[in-house]
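This report concerns a protein assembly and the way its chains meet. The sequence and structure are shown first.

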Amino acid sequence: MARPQQELVTFTLDGREVTAPQNMMLADAALEYGDVEIPVFCYEKKLGPPVGACRMCLVEIEGIPKLQAGCSVPVKDGMVVHTNTPRVREAQQAVLEFILINHPLDCPVCDKGGECPLQDKSFGWGDGISRFVDPKRHFEKPLALSPLIAIDRERCILCYRCVRFSQDVSEDYQLILQERGAGTYVATFDGHPYVAPFSGNIIELCPVGALTSRPYRFRARPWDIEQSGSVCTLCPAQCNVSFTVRDERVLRVLQRDHEGVDDGWLCDKGRFAYQAIHVDERVTRPLLRDGGELRPVSWELALDTAAAALKRAGARTGAIVGGETTSEEGWLLQRLMREALGSADLDSRAGGALDLELHRALGAPALQAAVPDLQYADAVLVLDVEPIDDAPVLDLRIRKGVRHGGVRLHVATSRPSALDERAAAAVRFAPGAGGALLCALDAALSRAGDLDGAAAAAGVDPQDVRAVADGLEGDVVILWGERLTHGPGGAEAARALLNVAARLGLAGREGAGLIEIPAGTNGRGLREAGVLPNAGPGLGAAPAEGRDAPAIAAGAAAGELTALYLLHADPLTDLPGRETWGAALEQAATVIAHAGFLTEGVREHATVVFPAESYAEKEGTIVHPDGRIQRLRRAIGRQGDTRGEWSVLAELARRLGTDTGVRAPSMATAKMIAEIPFYAGLSLDEIGARGVRWTERPQAFAFPEAPAGPFGLASPQAAPAANGRLRLGTFRSIWASPEVEASPALKFLHPRQRVELSPADAERLGVAHGARVAVAGDGGSVTGIAHVRAAAPAGTVFLETAIPRDSAAILDGPLVEVWPA
Amino acid sequence: MTDILLLEGIDEPGLATIEGYERRGGYQALRKALRMPQADLVDQLKVSGLRGRGGAGFSMGMKASFLPQGDMQKYVVVNADESEPGTFKDRELMQKNPHQLIEGIVIAAYAVGATKSFIYIRGEYEHQADVLDAAIAEAYARGYLGESVLGSGVTCELHLHRGAGAYICGEETGLLDSLEGKRGNPRLKPPFPANQGLFQGPTLINNVETLSTVPHIVTMGAEEYARIGVQNSSGTKLVSVSGNVRRPGNYEIELGMRSRDIIYGLAGGPPEGRDVKLWFPGGSSSPVLTKDDLDLSYDFDTLAKAGTMLGSGAIIVVDDSNSVVDVCHKLAKFYAHESCGKCTPCREGTSWTVKMVGRIKDGTATPMDLDIMASVQDHIIGNCLCVLGDAMAMPVASMIAKFRGEFEAQIEAARERREQAFLTGVGA
Amino acid sequence: MTIDPSRIARFEHGSRIPGWDDAVDLEKDPAGVPDPASTPVPEDLRAEIEAQMARYPDRRSAAIPALYAVQRRYGWCSPEGVEQAACVMRVTPGYLTAVATFYDMLETRPVGRHALYVCTNISCSLCGADELLAALREEVDGDPDFNLRGFECLGACDIAPMASVNGQYVGPIALDEVPELVAQIRAGEPPLPAKQLERRPSADPKAAVHGGGAA
């Protein structure tokens with residue numbers, strides 16, 4: 001799909017000349033460039049091509065005898081449009097009269113009242129009188145459409161936005177129209193609930209009160225609330241959101257359409273997990289372990305205790321920083337560690353350190369693609385990442401690119417992807433063998449090297465690799481998951497990825513490049529802020545190289561490190577190596593945690609817990625995977641006794657003798673920016689409400705250079721032979737997060753362990769779909785419900801991680817045994 | 001001059017088989033067409049003046065010429081979803097002379113460069129679909145269809161697709177959506193099917209009768225064909241006459257025949273003692289005419305000038321024993337039932353009209369309702385996504401305009417009946 | 001005081017449409033594309049649908065043929081059958097349900113096995129179709145084997161009033177033929193053989209020029 005052209009045309013709108021991009025739809029052009037609203041109901045640009053169904057937007061165009069639908073007429077040079085003639089007014093009044101025939105006009109008791117497009121249109125374009133005297137139809141209302149959405153079919157005006165979203169945008173095709181004509185209604189198959197990762201968007205799309213949010217219904221009237229823009233930090237996609245706030249409580253999350261980030265959509269986690277901000281389980285006061293139990297204490301005592309313990313440990317402190325940490329907090333933490341404690345043992349990556357040179361090469365601005373490139377590229381390769389779980393809104397963006405005909409999609413993952421059905425080719429490699437696959441791809445692209453050997457090591461057919469290689473032509477965007485560079489083979493995988501990028505000529509190519517989906521929301525920003533054992537702010541060389549996450553675990557378990565600082569991280573649920581981490585947390589004399597919820601590791605092992613701000617309370621910046629620095633703004637006052645975490649970090653540093661000079665969050669931003677050469681000159685004002693891609697600023701040249709390959713690659717190690725056992729693949733579901741578990745509305749989605757098997761393995765092992773099974777690895781065993789999937793590759797079993805019970809983290813791969821429980 | 005082409009010998013035993021058709025000289029037009037350059041064929045269609053026989057009456061040659069040149073996948077789609085009330089001509093053509101249609105399809109597909117064709121037949125025509133399926137198999141076996149038609153290297157695949165009961169699928173874009181496996185909702189135009197039709201490919205979509213005429217045009221030559229009929233309405237036309245007539249059925253006429261000669265001459269007129277009250281000249285979607293209009297020439301332009309249309313060529317005669325309100329009610333109910341529901345004026349306007357006519361019948365209407373009803377029709381006409389809304393609104397509006405007195409009298413009579421019933425009920 | 005909706009007058013006017021009052025069952029799983037690993041499909045049904053899919057450039061074109069196949073097998077487009085067809089076609093069952101409910105001939109509720117459609121459109125009603133439908137209704141009288149419906153124009157106004165009897169067009173049907181017709185259907189005999197459309201010669205006198213006439 002070609003990028004929209006920017007050629008301008010001039011047309012006449014109600015007697016005035018208006019200039020707008022050619023072929024823009026008249027309704028859009030009139031509003032954006034002519035300040036004239038042509039009323040619409042069915043038309044919504046985000047849903048794709050207009051359908052012209054509601055007929056509300058009829059206007060007069062000179063030279064065309066019939067009235068035209070303004071939503072579907074592209075503006076042309078010299079076009080003369082009238083939106084306010086008696087003929088147009090009559091037609092618009094007529095359509096409104098038709099629409100209101102069966103609309104109940106129960107506005108006083110309607111949750112949409114006051115923010116309802118139908119009310120607005122009726123007021124602006126309606127006659128105010130209906131000649132319809134027959135009884136309106138009435139139905140039971142409201143009815144549940146899902147645990148999250150209520151449907152009121154009386155109010156539905158059949159604009160079809162919701163079904164078009166389900167069918168044409170999220171492509172889940174669960175929401176359908178049944179019957180026809182005036183009997184048409186929105187429903188699902190045989191009374192199944194509409195549960196899908198993006199279902200909540202239909203609430204916002206509905207131009208009447210037919211689809212309402214069950215968690216929000218009747219919690220507030222539009223005049224009770226304020227909107228406050230910020231960014232969702234629940235995953236790396238960092239969708240722009242607007243919090244609906246009433247009395248210092250977040251009651252709702254709405255999208256804040258950003259073409260460069262989210263395209264105006266939110267996943268249901270982003271839309272509903274705000275509930276976790278206001279639950280009793282949340283930690284809102286400092287806690288101190290006292291006689292084996294965490295008890296609330298004063299800030300003074302907590303800070304004193306933490307400072308004293310850190311002072312004792314000194315350089316024998318290790319820190320793990322989670323993805324929801326802002327760049328400023330990360331920057332302050334590395335100052336606390338490096339300057340106040342003299343420790344370089346800090347990490348924001350789960351899977352072990354990567355050479356600094358590789359970080360620099362992979363993060364180089366010339367190699368970074370932007371989110372919209374996913375939509376306009378010639379080819380997209382989804383590599384060792386599952387967008388629907390890891391950065392949901394990007395799943396929609398990729399689908400959009402494919403749907404509009406331009407993008408050739410390739411998927412290379414271990415576990416079957418939701419995007420497979422849209423892919424020209426899907427390659428399944430053995431869990432953890434992403435590096436081997438890239439070696440094979442590199443060989444296929446360079447027509448040198450041992451393609452067959454590398455493919456065998458990855459457990460894939462060389463032909464499939466060749467097919468992917470052949471498909472990667474033109475502007476290629478590779479969306480890859482951080483997990484690719486985890487583990488012992490991580491560095492080699494990174495080099496192979498750089499080789500592939502080099503072979504494809506991605507560096508400096510407009511519309512092409514890499515996008516890394518980090519394991520944590522602000523993974524990119526934290527690295528750039530210096531939260532790595534081997535790099536300081538700006539990916540500069542660290543004065544001393546420290547331990548990476550696995551080494552911190554080992555060091556603490558061995559008693560070499562005596563204090564652990566967990567900034568929004570729980571190693572037991574978030575990091576690999578659960579057994580070592582268990583020992584480390586047990587061994588450490590002091591465990592200081594910033595946490596919103598008492599997850600297992602924090603609950604069992606923390607000595608001091610500082611309450612974490614929720615994202616609606618935070619100020620600071622985070623960096624989108626594509627390099628866009630985005631600003632978090634406070635929407636509500638901090639809950640309970642929560643303090644700004646920047647101030648906690650700065651205060652601890654001060655008590656340990658390092659004055660960071662930070663007295664306000666904006667000062668942290670300014671000081672951090674000053675230390676990162678490629679952010680130079682940035683200000684919060686420049687970042688503003690839409691963010692700034694630093695990679696596009698002239699200062700990006702200051703990013704440290706590094707060799708970008710091609711590198712010589714070692715032959716990859718073969719995937720382990722199964723010997724009757726199954727390879728273990730793991731995945732983290734979109735719903736596996738404490739926020740989901742804590743949100744009453746979303747709780748039903750919080751996953752329990754499901755064990756995904758191929759039909760062949762299931763048959764061999766005597767496991768039935770839906771039956772309970774046990775899975776055992778070297779580290780332990782879990783039970784779960786068998787989920788037999790036709791698409792699952794034989795020989796591998798997939799389990800969920802990051803869930804409180806029966807997490808795959810307990811098992812230790814790479815091979816496991818499965819049997820009916 | 002010939003005025004029987006399509007129905008000629010239609011009841012001949014065995015005509016539906018390939019032997020029967022070949023015996024009659026069938027598929028010779030195809031052989032001739034394959035020797036002609038494609039552009040010449042399209043020109044011939046233009047010169048013939050053949051106008052679409054499905055309802056819209058658009059020049060078939062023009063339509064064919066709108067398809068882009070080039071190697072892209074193009075389609076011919078045959079609209080055999082004959083659902084316009086009063087129309088049953090395609091049914092007879094498909095049932096009794098399927099190969100005439102198939103030959104027309106192959107010629108048209110060759111002319112526009114389409115290698116895949118589909119016949120979309122309404123699901124209710126089960127027997128006709130079976131006949132066509134058999135005929136298509138025969139045509140494949142004889143090499144009239146397939147990868148290389150008669151060894152010419154021209155590919156023509158043809159499949160029959162059965163609908164499942166929805167009038168709206170007779171609308172060409174609704175048909176295309178239905179054929180693509182969706183709900184049969186009409187599409188926004190542009191793009192027109194000639195550019196983006198079936199599976200987004202350029203598509204020529206024509207009615208059964210139109211395509212069945214094509215072999216005759218090729219055989220006799222376009223000029224010769226154009227001499228049949230009158231200006232702007234060349235050729236013969238099948239007219240389905242039904243309702244209050246003594247000999248209902250399909251009649252092939254030369255366009256330009258006097259309407260009275262069709263209704264009275266061919267179809268025998270209303271039963272003894274009855275007179276024509278109103279008639280639909282081109283299916284139920286055409287504005288009605290009265291007995292004063294019986295001398296109109298039956299051709300596209302004359303009927304258009306009279307404020308109505310030739311449509312599908314289905315004449316429904318209503319005699320003076322019937323109430324115009326009942327006819328109006330049936331008609332509105334039909335369109336309300338068949339509205340796909342996609343666009344507002346049609347979906348709401350048709351069902352509102354049904355309610356209003358219903359109130360006229362049950363005695364709860366006032367004369368003001370007639371004005372509202374007329375205004376509602378006015379608000380439907382021209383404002384819908386496709387023509388279904390207009391197809392109800394135009395005849396309803398014409399009935400109100402031409403029979404207002406009778407509507408008002410019925411309103412009054414029904415009110416009186418209702419009041420009487422109420423008083424009786426109170427008394428009882 | 002709680003309000004019982006069923007006792008409110010405005011709910012009584014009969015404009016309700018089946019399905020409009022139905023909430024979803026929150027206990028069910030969402031209806032995605034059925035996984036072949038957990039959706040058993042009868043082999044012949046699968047083969048029939050796959051053969052249809054192969055006829056079109058886009059497999060979804062086989063929606064109506066697939067639903068017909070389900071209807072033939074189960075008597076109607078049952079949820080179970082729709083799920084099976086969806087599994088074969090790799091679409092959601094919702095996709096097929098949206099299609100099935102759009103078309104008059106696809107049954108989304110269980111119906112009698114004898115489809116008896118009586119055309120009640122203008123031409124037929126001018127010739128007594130409403131009376132015919134009433135007479136048939138009386139004759140059939142709730143027999144669950146019959147799926148008797150008034151239908152929109154069936155395209156056979158030349159034999160008005162008429163009916164489609166399991167796909168066979170019959171007409172004009174006189175009111176006194178109704179008992180015979182129903183008896184024939186019940187007995188599985190051809191309905192009113194003399195009045196079947198298939199045997200009717202063309203009305204146009206010119207059509208018979210070459211002799212022959214109807215068989």
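## Basis of the description

This is a predicted model, in which local features need pLDDT of at least 70 and side-chain atom pairs count only at pLDDT 80 or more, while totals for chains, interfaces and linings use all residues. Residues are numbered from 1 along each chain as its sequence is written, chains are lettered from A and ligands numbered from 1 in the order in which they are written, and side-chain values use heavy atoms, with hydrogens and water left out.

## The sheet of chain A

In chain A, five strands form an open sheet of mixed pairing, in the order 2-1-5-3-4. Strands (E, at least two residues) and helices (H or I, at least four) are DSSP runs numbered from the N terminus, and two strands pair if DSSP finds at least two bridges between them. Strand 2 (16-21) and strand 4 (68-69) of chain A each have a single partner strand, so one side of each is left without a neighbour in the sheet. Strand 1 (residues 8-13) of chain A pairs with strand 2 of chain A in the antiparallel sense over six bridges; A:Thr10 has A:Thr19 as its bridge partner there.

Helix 1 (residues 26-34) of chain A lies across strands 1, 2, 3 and 5 of chain A, at about 110 degrees to strand 2. Helix 2 (residues 86-101) of chain A lies across strand 3 and strand 5 of chain A, at about 160 degrees to strand 3. Axes are lines fitted to C-alpha atoms, for helices over the stretch in contact (heavy atoms within 4.5 Å), and angles run from 0 to 180 degrees between N-to-C directions.

## Chain C against chain B

This contact takes 52 residues from chain C and 70 residues from chain B. The buried area (accessible area, 1.4 Å probe, lost on being put together, summed over both parts) is about 4700 Å², of which carbon and sulfur atoms give 56%. In chain C, C:Phe102, C:Ile122 and C:Leu126 lose the most area to chain B, together 14% of what that side buries.

Two salt bridges (a side-chain nitrogen of Lys or Arg within 4 Å of a carboxyl oxygen of Asp or Glu) cross this interface. C:Asp130 and B:Lys330 meet in a salt bridge at 2.8 Å, N to O.

## Chain A against chain C

Here 38 residues of chain A are in contact with 39 residues of chain C. The buried area is about 3400 Å², with 61% from carbon and sulfur atoms. Two salt bridges are counted between chain A and chain C; C:Lys28 forms a salt bridge with A:Asp190, with the closest N and O atoms 3.5 Å apart.

Key. Buried area = accessible area lost by both parts, 1.4 Å probe.
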